[in-house]
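Please consider the model below with attention to its ligand site and its aromatic side chains.

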Amino acid sequence: MAEGTLERTLVLVKPDGVKRGLMGKILDRFELKGLKVVAVRLVQVTPELAARHYAEHEGKPFYPGLVQHITSGPVLALALEGRSAIAVTRLLTGATNPQVAAPGTVRGDFGLAITPNLLHASDSPASAERELGLYFHAEDYLAYTRSDEKFL
Ligand code: CMP
């Protein structure tokens with residue numbers, strides 16, 4: 001019997017990931033793991049959206065650079081669904097600092113810098129709900145069955 005609550009989470013491939021041509025490789029990690037892509041958007045993040053997304057970091061030394069980076073080009077917003085999707089996605093993403101992220105994770109395999117650290121992934125059910133709401137409307141989510149779902 002499979003375990004884990006069915007969850008949805010938000011992943012953003014940040015402008016460094018988009019501009020380095022890594023969207024496909026990054027999406028591949030999540031799809032191969034068994035997470036279902038239920039909504040997708042390519043978004044130019046505005047300073048206003050960046051401020052809402054990263055409100056918890058306002059006032060921290062890295063905040064201005066974080067907003068500058070996330071608004072510097074398109075981000076690929078992904079809504080992923082699966083059992084324990086939030087924790088599983090964070091594991092695949094790796095530590096915030098790519099220099100110490102484990103090999104095999106996206107940041108561990110593809111990154112060196114902490115601000116352009118390739119992607120963002122929601123860190124809790126509350127964050128996932130709030131952050132998904134910044135990028136997607138209810139009608140954006142599509143329901144379908146993966147052919148391998150019985151194993152997931
Ligand atoms: P993210 O997962 O999007 O959440 C907050 C972001 O702040 C983080 O990824 C990094 O890109 C960025 N950041 C920059 N400097 C730091 C730092 N010293 N500690 C944590 N996050 C940082």
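The paragraphs that follow treat the ligand site and then the aromatic rings.

The model is predicted, and local features need pLDDT of at least 70, side-chain atom pairs count only at pLDDT 80 or more, and totals for chains, interfaces and linings use all residues. Residues are numbered from 1 along each chain as its sequence is written, and side-chain values use heavy atoms, with hydrogens and water left out.

The residues around the ligand include Lys-14, Tyr-54, His-57, Arg-107, Ile-114, Asn-117 and His-120; a residue is counted here if one of its heavy atoms lies within 4 Å of the ligand. Some of these residues also make polar contacts, meaning pairs of N or O atoms within 3.5 Å. A polar side-chain atom of Lys-14 is 2.8 Å from an oxygen atom of the ligand. For Ile-114, a polar backbone atom lies 2.8 Å from a ligand oxygen atom. In the side chain of Asn-117, an N or O atom is 3.1 Å from an oxygen atom of the ligand. On its own the ligand has 450 Å² of accessible area, of which the protein covers 78%; such areas come from the Shrake-Rupley method with a 1.4 Å probe.

A pair of aromatic rings is described by the distance of the centres and the angle of the planes. Rings of Phe, Tyr and Trp (its six-membered ring) pair if their centres lie within 6.5 Å, and planes under 30 degrees apart count as stacked, over 60 as edge-to-face and the rest as tilted. By this rule there is 1 aromatic pair. The rings of Phe-136 and Tyr-141 are tilted because their planes stand at 50 degrees, with the centres 5.9 Å apart.

Key
A polar contact is a pair of N or O atoms within 3.5 Å; within protein, one must be able to donate a hydrogen and the other to accept it, and residues adjacent in sequence count only if both atoms are side-chain atoms.
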